[in-house]
Structures are given as C-alpha cells and as structure tokens.
Amino acid sequence: VSAVIIGSGESGYTRHPAPEQSTHTFLRDAVILALKDAQLKLSDIDGLAICSFSMEPDKSIDMAWRFGMSLRWLLHDTNGGASGINMLGHAIRGVEAGAASAIMVVAGDAMGLEYFAKMQANYNRAVRDHLAPLGHGGPNSMFAMLTQRQMAAFGLERKDYGHIPVSQRAWAAGNPNAVYRNPLLMEEYLAAEPVADPLSRYDCVPPVSGASAIIVSTADRCPRHRRPVRVRALKQSLNYDHQAGDGLRTGLTKVASELWTTAGVQPEDVDLAAIYDDYPAMVLAQLNDLKLIPDDDLARFARVDIGERKFPVNTSGGLLSAGQAGAGGGMNGTVEAVRQLQHCAGDRQVPNARLAVVSGYGMVMYRYGACVGAAVLERGE
Amino acid sequence: MTPGVPVSRCTSCGEGYFPTRLICPHCGSDAFRPDRVLDGKVEQTTVVRHAAGRSDWRPHHLATVRTSNGQIIIAGLDAPLPNDTRVNLFERDGSLFAREAAAK
C-alpha cells in the first residue's frame, strides 16, 4: 500500500476571533473543509492525528468524540511548529502499515493575546523557570540574538532579511486565507517598530487563531478530478544538539542528504519550498541546511532568489503573512504545498508545480528550536 | 543574591549542564552533583522592547553568555553591555543575571 495526501482544509485565520469561535470550532472547520475537499464522508475517517496547545483539557480522544469520529488509529502530537511533518510521517506509515485507511491530520489554536503570553511563559520548565522570570517576552528575544549570530557569520544586513517578509506579503495577495494581504514595502520593513533588537515588527510571526488539516489515505480515495500528493521522503531530527550550539544550523543538517537520496531528486529539482517561517533568519537557516542555497550565500539568495521571485518560497504568504495559529502553524506549509501540487492554488499557483519541499521547525526549549523535519512532496499520477 | 550559575556536574564524566538534566547526554550517567560557575563572556545582547499580550511592559536587557566552563546561558542585564564583555554571573530572586566583571 502506498499512502498519499488526498485533500486539505483551512478554517481561515483571524487576529480577532468572533465570540462564538474557539479552538474547537476552528479545528472542526478545518476538518469539515478537508472532508469536503477530499470528497469523503466523516465515516470514511478511521484515523486522527491532532496538535493543539489550547484544546486542553481535552485530549485527542475527546476531540474524536466531539468530531463524531470512531477510529482505529490515534495520535496526540505536541511538537508545535514541527508537528505537521511529525504527524504526516506517522500518518503515512499508519496507512501503509494497514493500521488505518484514511487519517485526518489537523492542527490549530485559538488564543487571545493574554492566553498567548501565558502559554509563552509556561512553554516548558526551562522557559518557565529560567527565561520568563527575566522578562524574555517569548521567543522573539532568543531569535533576536540568533539573528545577530547569523548576521555576523554570513555577512547579512537587515535589508537582506526584509526580502523575506516583503516577498511573502506579495505572495499573500493571492491567498484569500492570509491575514495580511496588503503590499509591504522594504521602506516600511526597515522603518518598523523594533521588538527585540535587531528584530522589528515584520520579522516576528503574528499570532492568529485558526486551524489546518490534510487527509492521508490511498490514491484510490482521491477525487477523480484531483491528483494525489505523494511523499517521496520525510526525515526529522529532534533535540539534535541538546541546545548546546549556536542554532544557526538546524537538525536538518543531519538528515538533508538522506532526505534527497531517499526522494531520488536533487534540491534544484524542486519547484517550490514551504519553509517554517517564525523568523526570517530561520527561513534562511533551513533553506541552507536543505542545500537549496549555493555556497552559503544567504544574502544573495534572499535578495535574488526570494526577493526577485526566482524561486518560490512560502507562496501562501507564509506564517509571516498568513499568521501563526499556534500549532496550526506547523501545517501551513504542508497545506500550501499540497494545494500547489494539486494545482489548486488560485492566483498564486506556481505553473506546472510538480515537486515541493516542506519543512517544520519548532519547540524552542531554551535558546532555539529543538524539533525540525522536512518532506519532499510530489504531484502524483 | 547568590554568586554563580547552578550547574549540574556529571560525577562520571565531569560535564556540567544548565539547565539540569536527568541523564548525561555525554556519558549516560544519571549521577550529578551541584556545582557553580562564576563568570563568563557576553556573546550577544538584545533589548526586549515589546511583548504580545503585555500592556504593562518595560524594556528588558538580555544577554547570551558563554560561561568560563562552556555552558551557553541566557542572563538578565541591569544595563546594556557590549559583546565580549567579561561578566560575573549571579542569581537574584531565582533568575540568572550578569554584570561586568571588575577589571583585573
């Protein structure tokens, strides 16, 4: 049995949820839209993988109950920005092992700014005990210092980073689900209010509410007018350096060669990339670790390949424009890559997209993310 | 105020960790003894000027400090310091802080 992705759903993201909207309703909306997209009935779903920080005290089985699903395969993921890739890997193996025939993979959160601040201060014991009492204000400050290290190591300037949010905002204009769709000018980026030096407003991912879902099943379940999306390779690296390094190289360095060998394609073969973009520095770090940036020339890649749209990166607008719906952020790139490869990406469609690379990055345990994964996705026959 | 950073020192291989670990990633031992590292050098600093969901925010100065024993820690600063400043480390109200070391 070969497992594929057959459909996707996004609840729509918002900065300000309506009173009747909650984590549960956003997750439900993504599930309903994914079912509709894949033309499946609720009773066709026999597996559920879910990640949400704010669905507490409910667990995955409680969500199955609320969703009206009877299952034989269940996963409660907690890996935030890396959850999408982790759940996708488990779901593919679950279907291929015969443990389930159609798995709903869903992630999302709804949190007011107050809840968001509380979650950031209690992210884990290290953060609660050693960072929050210092007034670290969430991960912005950690990535501010990481960005300084990257600037020094690779000779980058603030303007180089600006090409990422500016270019992604231009892509977001073609995505009705993106929260921020107005053009962003480089001048605005450079003049923006500082948040944690050297990061300013447009470097920091905006928290939003919403949820995203995909359905993993077999190609025979794919709607007739659609092509399934095949996962050619998927690799992860978790707690790769015990937080003892500088964070400039992610765990992808440990698995990138294996990823491309397993996929049987080269980095230059891919038509688009969906890279986890909590901060512009991490977009460049992951692209470099995935061997997509020649000669470690991060500045040139940002200016030319991203800035001049020679290579499509984060065509949904990325989290920097679409917003980070908590754990839902970990699914954003996968949903976008699936839509591009199914040729359903509307105004932002990359012509003849056939191969995509997707990454997820997250769980800032102390100074930077500990979990990272990537998948090479292909438009199926 | 307590001088130094609390480090858990593996009694088997001698590696020191902050924050504390349950098993030594270097040698696999689960035996640690408490130790303290007193000083280090500033590698980067930042000013946290804004935090989502916090209206009562005032700017905080933070530093990435490499201790003289090799651990990389985040410490609060009472005032901004340039990179490469040699600092003394201390705990205040349960949090780690750094301040410029007196010239030798």
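Strand S4 of chain A, residues 103-109, is largely enclosed by the rest of the structure, because 7 of its 7 residues are buried, where buried means under 20% relative accessible area, exposed over 50%, and partly exposed in between (1.4 Å probe, protein chains only). Helices (H or I, at least four residues) and strands (E, at least two) are DSSP runs numbered from the N terminus. This is a predicted model, in which local features need pLDDT of at least 70 and side-chain atom pairs count only at pLDDT 80 or more, while totals for chains, interfaces and linings use all residues. Residues are numbered from 1 along each chain as its sequence is written, chains are lettered from A and ligands numbered from 1 in the order in which they are written, and side-chain values use heavy atoms, with hydrogens and water left out.

Both faces of S4(A) are covered, with A:Ile103, A:Val105, A:Ala107 and A:Asp109 buried on one side and A:Met104, A:Val106 and A:Gly108 buried on the other. Two strands pair if DSSP finds at least two bridges between them; S4(A) pairs with S2(A) in the parallel sense over 5 bridges, and A:Ala107 is the bridge partner of A:Cys51. With strand S7 of chain A (residues 210-218), S4(A) runs antiparallel and is joined by 7 bridges, A:Val106 having A:Ala213 as its bridge partner.

S4(A) is also among the elements that cover the buried residues of helix H2 of chain A, as are helix H1 (23-38), strand S2 (47-51) and strand S3 (73-76). In H2(A), residues 60-67, the buried residues are A:Ser60, A:Met63, A:Ala64 and A:Phe67. They lie on the same side of H2(A), because they cover an arc of only 105 degrees around the axis, the arc being that of the directions from the helix axis to the C-beta atoms. The face turned away from this buried side carries the exposed residues A:Ile61, A:Trp65 and A:Arg66. After H2(A) comes A:Gly68, with a positive phi near 75 degrees.

The largest nonpolar core has 57 residues, and those touching the most other members are A:Phe143, A:Leu259, A:Leu284, A:Leu287, A:Leu290, A:Val357 and A:Val376; such a core is a set of buried Ala, Val, Leu, Ile, Met, Phe, Trp, Tyr and Cys residues joined through side-chain atoms within 4.5 Å. Helix H10 of chain A (residues 280-289) supplies the largest share of this core, 6 residues. A second, separate core of 36 residues includes A:Ala3, A:Leu234, A:Met331 and A:Leu341.

Terms used: Contact means heavy atoms within 4.5 Å.
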